[in-house]
Amino acid sequence: MKLNCFSFTASFLLASSLISAVNVNHPLFTPFDKSKLDKSSFFEQFDYNTLIESDWKISHAKKDDEFAYVGKWNIEEPTVYPGFANDKGLVLKSPASHHAISYKLEEPFNNTGKNLVLQYEVKLQDGLECGGTYIKLLDYNFDKDHEFNNDTPYQVMFGPDKCGSENKIHFILRRLNPISNTYEEKHLVNTPMSRTGKLSTLYTLVLKKNQDFEIRINGEVAKAGNLIKKPKLMKPPLNPPKEIVDGDDFKPIDWDDRKFIPDPEQAEKPDDYDLKHGLSLIPDPKAVKPADWNEDEPEYIEDPSAHKPEEWDDEEDGIWLAPEIRNPKCSSGCGKWEPPLIINPTYIGPWIQPVMPNPNYKGEWKPRSKLNPNYFEDAQPSNLELIGGLGFELWSMKSQILFDNIYLGHSIKEAELIGNQTFVPKYDIEDYDLQHNRPPVKNEPVAPPPTFEDFVNDNDQSTVSRIREIFSMLYANQYSDISSFYYRFMSNPVGTIIQEPAVFFLYCCAFVSVFTFAFGLFGAFVFMVTGGAQATHYEQQSESTPKINEPDSEGDQDQNKIEEIIDDDEVKASSVKTSATSVSKRRT
């Protein structure tokens, strides 16, 4: 299925572009005629004056009993590359926040024995750095006990999710395991990538009653398959295996799984073993001992000019040994002469005993299989439970994400009709606006980004500038990794810790180290401020003390001088005693 490339409105716009190359004509928005849809279909264009007037309900619950959904929502027109005038959508307004909003259907949506078609538009006006834009089809009576949150049960989750280098379109079925009576999330593997531009993107999910599915982007099929015929499309698979390995089965002791064994008739080494297999190096048969080789003299002798030092103590320093020097009588060599080694020309490698087929070989042993006690068959995954509403439960580092033209029904033709009459003409306007109002691009070729060697060999930059550039590159790379881990941790704390324990431990250590260092700096600063003030106050008191005791007469002055001399002598004597005591303690 493909959406029509142009509509009448788009053709009119293209014709008008010949006259005006900059000003973009934005025709007035005309709501889609919902009478063309089946009564069981749901279609939302957000043609309300305000969000309060709509049936969409913002959730103020808490996620995992920790993080509150404080993100704001609004119904408004797009501000970046708008399409039709007065065409509004649901806009996620708060960056780096948890958002949750839901819509309760007037009648439960029943998909038993029918096709499921889910379609909606996403417009990333500020881009998408790290966050999701997926939608959930919620269970019947999803708001009976609690406000909408991440634990609210759902049947289908579909839509883009991007963070760092990870970019995919979720397709998750939440199915009941009749054996354990618990729900399991079945994730589509090898998902297609989402679009990250600032123009509107149309995402469509088709789940047919024959278990075929399609994921479409702007009307083009990006992923397709059959959930039953290709069980590896989902992880975990929709249906568990019929047979499993018997854990109680063990390999028999007499089981011989050696395909070949050493030949017992060739167990002895050959007669020429040393020449061909034993020695890789042999003495050179052509070598001749030099005529002046002295076998009676040692190669090294004691240095006759060396003398034992006078301060040498054999009891404390050990027995004194004179240093050795090369024997001057050994011009060519001394001691026993041996010919040098050369490569053995007849050597062919280590000897290996020949093998023969094992007559007792029984084959490779495998444990036997048994029937899976937890086996069940989900033959109709398209038969969902009753759907009671739709909801967006998202985290995003960026804001200004607009959702529009949400369709839920059973007809592929209805989804195509909506796309051709709403998305296609709007996309043409947006694309025309982008092409004619984007910032001009220089004609000069853009140089590739500098490498590490460029920073090192750049003589125009100072060493400080190059170091600053390198650290900025490292910081940008690390910031991207930390942001990606932070998003995964905020979305699923327990699962992230289990899957990446080393990364979690590393970031915890880094956080503790930075906190300790900052606290130490703060403590040093406080000590300098308060300690300095106390020292100044003490010095002022010391300087002011003699002034208080100034004598009033000459006799008093002489008496004070005598007392000061006595006090000085006592202080000096006390200092000498203290020093002597300290020295004696250190020697002890």
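This is a predicted model: local features need pLDDT of at least 70, side-chain atom pairs count only at pLDDT 80 or more; totals for chains, interfaces and linings use all residues.
1. Residues are numbered from 1 along each chain as its sequence is written, and side-chain values use heavy atoms, leaving out hydrogens and water.

2. Helix H4 covers residues 412-437, and its 26 residues should span 38 Å at 1.5 Å a residue; the end C-alpha atoms lie 35 Å apart, which agrees. (Helices are DSSP runs of H or I with at least four residues, strands are E runs of at least two, and both are numbered from the N terminus; the expected span is 1.5 Å times one less than the number of residues.) H4 also has a kink of about 35°, centred on Gly-419, where the bend is the angle between axes fitted to the seven residues ending there and the seven starting there.

3. Lys-136 and Glu-393 form a salt bridge at 3.4 Å, N to O (a side-chain nitrogen of Lys or Arg within 4 Å of a carboxyl oxygen of Asp or Glu). Lys-136 is in strand E10 and Glu-393 in strand E26, so the pair ties together parts 257 residues apart in sequence. Lys-136 is buried at 4% relative accessible area, and Glu-393 is buried at 5% (buried is under 20%, exposed over 50%, partly exposed in between, with a 1.4 Å probe and protein chains only).

4. Asp-257 and Lys-251 also pair, at 2.8 Å; Asp-257 is partly exposed at 36%, as is Lys-251 at 39%.
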